[in-house]
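Please look over this model before reading on. The notes are meant for someone who has not seen it before.

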There are 2 protein chains.
Amino acid sequence: MSEAITLAVDCMGGDHGPRVTVAAALEFLAASPDASVVLVGQGDAIDVQLRRRKAQGRERLRVRHTTEVIAMDEPPAQALRSKKDSSMRVAVDLVKEGSAHACVSAGNTGALMAISRFVLKTLPGIDRPAIVSVLPTVKGSTYVLDLGANVDCTPEHLLQFGLMGAALVAAVEHKDRPTVGLLNIGSEDIKGNEIVKQAADLLRESGLNFIGNVEGDGVYKGAADVVVCDGFVGNVALKTSEGLAQMLARFLREEFTRNVFTRLAALIAWPVIARFRRRVDPRRYNGATLLGLRGIVVKSHGSADRYAFRRALERAADEVRAEALARIAARFGSVATGAAGTEATA
Amino acid sequence: MSEAITLAVDCMGGDHGPRVTVAAALEFLAASPDASVVLVGQGDAIDVQLRRRKAQGRERLRVRHTTEVIAMDEPPAQALRSKKDSSMRVAVDLVKEGSAHACVSAGNTGALMAISRFVLKTLPGIDRPAIVSVLPTVKGSTYVLDLGANVDCTPEHLLQFGLMGAALVAAVEHKDRPTVGLLNIGSEDIKGNEIVKQAADLLRESGLNFIGNVEGDGVYKGAADVVVCDGFVGNVALKTSEGLAQMLARFLREEFTRNVFTRLAALIAWPVIARFRRRVDPRRYNGATLLGLRGIVVKSHGSADRYAFRRALERAADEVRAEALARIAARFGSVATGAAGTEATA
């Protein structure tokens with residue numbers, strides 16, 4: 001790897017495949033002189049996109065042909081067992097063998113987690129990887145984990161999520177001692193189920209900057225830099241938010257297109273609304289990291305468009321630049337091994 | 001009870017007390033000729049509000065003086081044990097003794113649940129009461145339960161929530177076979193933790209119109225008339241939604257007040273935005289029912305203003321009119337007992 005950052009891009013994943021992934025990768029490359037990409041997927045399909053964009057033979061760009069594709073609804077175990085030459089699998093393999101610092105896929109989440117765990121293994125001291133994503137808040141942004149990898153968590157798992165999340169935020173957001181909160185149904189210590197209460201005890205003694213319980217509304221109030229929860233709760237909270245945001249956007253659109261007068265109002269208010277929309281555009285926050293692995297793996301939303309997928313690529317690159325992996329490993333008292341490993345700097 | 005509906009109103013609960021609760025009760029009375037109210041709380045404080053509104057001696061209105069008040073942060077067990085003459089306790093007692101069909105409080109949720117459970121008891125066949133609230137969806141509205149009463153639920157509890165919720169929707173929304181969904185992290189049957197999977201089996205065999213799993217975004221898409229979840233998940237989803245809505249409202253306001261041009265745009269777009277706001281106004285949906293008790297108890301948001309509290313009163317009245325209690329009891333193979341009991345009509 002001559003460039004500072006090499007990303008392996010699963011070009012076949014997601015709802016749109018190479019049309020979106022290849023285009024996004026080219027935009028990313030143009031904006032990131034320190035990066036190179038390996039486009040992984042069916043060579044013909046990728047070539048069509050490269051030709052269309054006159055990008056064949058472009059610098060810092062390689063194509064790695066694969067023959068198989070993992071379907072969005074394919075059982076993870078089957079994908080892991082039988083699709084050794086799938087674009088997703090090979091992208092992860094490239095990280096493992098040291099040909100890429102990170103990989104990005106918009107494919108099947110369960111399959112990506114299963115393959116990443118099998119190929120890369122977890123970092124020492126980490127039982128289970130977690131899915132972490134950034135959400136906007138009134139104060140800036142917050143990192144929430146787990147978002148769906150682990151439906152049943154022990155207090156120890158929640159503690160590990162806190163440690164990993166804090167290390168990631170320290171690395172990527174340059175915050176020395178990020179605040180960590182525990183998602184709960186009340187702010188008092190006595191609230192919640194037994195697992196959450198025990199997790200609070202562990203977090204309190206962890207040396208983290210633990211601020212206690214955070215309620216659901218605290219997430220968007222920016223109550224903590226890192227919000228810890230089990231994957232069931234986190235996934236429901238994230239998707240409920242998506243659903244609400246879509247509903248509100250739809251209602252706003254309906255009101256502004258109701259008749260000729262409201263359409264006129266929309267025309268005049270358009271610059272303001274456009275600004276508002278940019279500010280809360282979920283595509284900006286696309287790219288969830290599979291945290292706790294011996295390698296950086298970023299999952300893009302399956303429905304990601306070019307802009308959204310590019311954001312996921314940028315997230316992966318940011319984590320490589322920030323040496324996030326080494327910092328997380330250091331937090332657990334060891335140094336990351338494997339290709340993407342760098343010196344512990346935490 | 002000569003009128004069709006008598007509501008006991010805890011006037012001391014909530015962030016604003018009698019100033020809001022008494023005013024809302026008077027508005028409710030004026031709009032509901034079939035209803036009467038008992039204002040429960042400190043006589044002087046209530047009288048001040050009645051005098052201010054020239055409502056002393058008004059028809060269909062009584063005052064029941066109480067000496068104690070339960071604080072918003074008071075431990076429920078303590079409130080239950082030691083505050084026998086609190087406005088909340090007496091309001092629930094009035095339901096128990098048959099002097100009111102339902103009670104409404106904006107006070108301490110935990111205390112209201114503890115007192116209601118102790119005084120009224122649960123309906124036969126129901127292990128635990130649940131908190132249910134109505135949320136807007138792109139198709140209309142949906143009932144979600146539990147929203148925080150039960151942090152640990154067995155599959156049987158979730159089944160009971162489904163049965164109760166469906167009976168409530170059948171009664172209040174006049175839907176014959178409301179659809180019931182199970183909140184989960186994927187639409188496939190294999191998703192979720194063991195409890196949710198077992199709950200799905202029970203719901204499938206229950207005779208309910210069970211449509212399977214509903215993901216977080218399905219709530220606001222109106223995927224089901226009733227969405228069932230444990231109280232931890234439901235509470236987080238509800239409060240996360242509140243937080244997101246507040247953040248979006250704030251960002252929209254910030255964009256429209258950025259400078260003189262955006263303020264002008266706001267002026268022109270104002271009627272449209274006002275219509276949008278009315279449509280998603282959370283105050284319209286205020287009033288969560290404590291479901292599964294031998295009496296109707298409605299919890300208002302603590303921060304409710306006059307309009308919001310009035311909506312909670314209207315919700316209680318609607319449930320009395322719809323004979324919701326008897327219908328729920330009938331669903332569990334028995335008839336509601338106690339004062340508010342009516343004949344089973346389901």
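Predicted model: local features only at pLDDT ≥ 70, side-chain atom pairs only at ≥ 80, totals over all residues.

1. Please read every value below as computed from it.

2. **Overall build of chain A.** Chain A holds 12 helices and 11 strands. Its radius of gyration is 21 Å, close to the 20 Å that the globule rule gives for 346 residues, so chain A is as compact as a globular protein of that length. Along the principal axes, the C-alpha atoms of chain A fill a box of roughly 65 × 60 × 35 Å.

3. **Burial and contacts.** Of the 346 residues in chain A, 57% are buried. Contacts also reach across the sequence. Taking the contacts in chain A with a separation of 6 or more, 71% join residues 24 or more positions apart.

4. **The sheet.** In what order do the strands of the open sheet in chain A run? The order is β3-β2-β1-β4-β11-β10-β5-β6-β9-β7-β8, which makes 11 strands with mixed pairing. From one strand to the next, the twist averages 25°.

5. **One strand pair.** Strand β5 of chain A covers residues 130-136, and strand β10 of chain A covers residues 288-291. The two pair in the antiparallel sense over 3 bridges. For Ile131(A), the bridge partner in β10(A) is Leu290(A). As background, strands of a sheet pair through backbone hydrogen bonds, either parallel or antiparallel.

6. **The core.** The largest nonpolar core has 238 residues. Which of its residues touch the most other members? They are Leu7(A) and Leu7(B). In soluble globular proteins, nonpolar side chains tend to be buried together.

7. **Where the chains meet.** On chain A, 46 residues are in contact with 46 residues of chain B. Helices α8 (216-221), α9 (231-256) and α10 (260-280) of chain A each supply at least two residues of the side that touches chain B. The most comes from α9(A), with 21 residues. By class, this side of chain A has 24 nonpolar, 12 polar and 10 charged residues.

Key
Residues numbered from 1 in each chain as written. Chains lettered and ligands numbered in written order. Contact = placed C-beta atoms within 7 Å. Helix = DSSP H or I, 4+ residues; strand = E, 2+ residues; numbered from the N terminus. Nonpolar A, V, L, I, M, F, W, Y, C, P; charged D, E, K, R; others polar. Pairing = 2+ DSSP bridges. Axes fitted to C-alpha atoms, helices over the stretch in contact; angles between N-to-C directions. Rg over C-alpha atoms; globule rule 2.2 N^0.38 Å. Buried ≥ 20, exposed ≤ 12 C-beta atoms within 10 Å, placed from the backbone. Core = buried A, V, L, I, M, F, W, Y, C linked by C-beta atoms within 7 Å.
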